[in-house]
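Here is a short report on one protein chain.

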Amino acid sequence: MALQSTPYKVELNLTDLDRGVYENLRFTVAKHPSETEERMAVRLIAYALFYNEQLAFGRGLSDVDEPALWEKSLDGRVLHWIEVGQPDAERITWCSRRTERTSLLAYGNLRVWQGKVVDAVKTLKNVHIAALPQEPLAELARDLPRSISWSLMISEGTLFVTDERGQQHELQLEWLLGERG
């Protein structure tokens with residue numbers, strides 16, 4: 001018998017000073033049985049970072065033909081494909097061919113991955129890659145409750161997250177390729 005996904009209720013108070021986005025969002029997100037809390041936290045950060053009304057969570061780990069998040073047009077075209085983690089260059093290239101814009105939010109120990117993968121995809125014009133710092137991300141993702149309540153402010157490429165416990169986390173994005181747009 002297959003393990004079921006775990007639903008998490010999310011309340012996200014988003015203040016994106018860089019793009020002028022101010023939203024109070026409430027939604028449910030499913031955590032795949034093999035997904036770590038850190039990866040789920042990165043998906044939530046990506047949702048805030050690239051938020052717009054058409055942005056939706058993909059099946060991600062459950063379906064390799066879907067991203068972690070995506071934005072589709074009204075006629076079903078994929079406008080923005082968003083991956084998280086450390087996919088190989090072939091995956092990034094495959095994704096970039098299916099959309100107008102591909103973004104990747106990388107995390108973990110990136111030294112080896114960055115040398116192999118970022119250099120291999122730097123000629124792709126529609127690919128944008130940002131890295132999250134490991135220590136603050138690990139602290140933010142530690143013991144995520146089933147009801148997540150974050151106040152997240154984005155200012156000049158830095159994310160300031162206050163979690164449901166009142167703890168504050170600062171995550172400085174590092175753009176490895178392209179830009180946020």
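## Terms and model

Buried means under 20% relative accessible area, exposed means over 50%, and partly exposed lies in between (1.4 Å probe, protein chains only). This is a predicted model, in which local features need pLDDT of at least 70, side-chain atom pairs count only at pLDDT 80 or more, and totals for chains, interfaces and linings use all residues. Residues are numbered from 1 along each chain as its sequence is written, and side-chain values use heavy atoms, with hydrogens and water left out.

Leucine 17 is partly exposed, because its relative accessible area is 42%. Leucine 17 sits in the loop between strand 1 (6–16) and strand 2 (21–31). Helices (H or I, at least four residues) and strands (E, at least two) are DSSP runs, numbered from the N terminus.

## The cavity

The whole structure holds 1 cavity of 30 Å³ or more. The largest cavity has a volume of about 40 Å³. A cavity is a set of points, on a 1 Å grid over the protein atoms alone, where a 1.4 Å probe fits but cannot get out; lining residues have an atom within 4 Å of a point. Points are joined across faces, edges and corners, and the volume is the space filled by probe spheres set on them.

Which residues line the largest cavity? They are Glu83, Pro87, Arg91, Ile92, Cys95, Thr102, Ser103, Leu104, Val127, His128 and Ile129. Helix 2 (89–96), strand 6 (101–106) and strand 7 (127–131) each give two or more residues to this lining. By class, the lining has 6 nonpolar, 3 polar and 2 charged residues. Here Ala, Val, Leu, Ile, Met, Phe, Trp, Tyr, Cys and Pro count as nonpolar, Asp, Glu, Lys and Arg as charged, and the others, Gly among them, as polar.

## Positive phi

Most residues other than glycine have a negative phi. Aspartate 143 has a positive phi of about 55°. Aspartate 143 lies in the loop between helix 4 (134–141) and strand 8 (147–155). Its relative accessibility is 56%, so aspartate 143 counts as exposed.

Glutamate 156 also has a positive phi, near 50°. Glutamate 156 is in the loop between strand 8 and strand 9 (158–162). Glutamate 156 is exposed, because its relative accessible area is 70%.

## Salt bridges

A salt bridge is a side-chain nitrogen of Lys or Arg within 4 Å of a carboxyl oxygen of Asp or Glu. The count comes to 11 salt bridges. Arginine 43 and glutamate 35 meet in one of them, at 2.8 Å, N to O. Arginine 43 counts as buried at 5% relative accessibility. Glutamate 35 is buried, with a relative accessible area of 4%.

Arginine 77 pairs with glutamate 100, the closest N and O atoms being 2.8 Å apart. This pair links distant parts of the chain, 23 residues apart: arginine 77 is in the loop between strand 4 (69–72) and strand 5 (78–84), and glutamate 100 in the loop between helix 2 and strand 6. Arginine 77 is partly exposed at 43%.

Technical notes
On a 1 Å grid over the protein atoms alone, a cavity is a set of points where a 1.4 Å probe fits but cannot get out, and a pocket is an open set with protein on both sides within 12 Å along at least five of seven lines; lining residues have an atom within 4 Å of a point.
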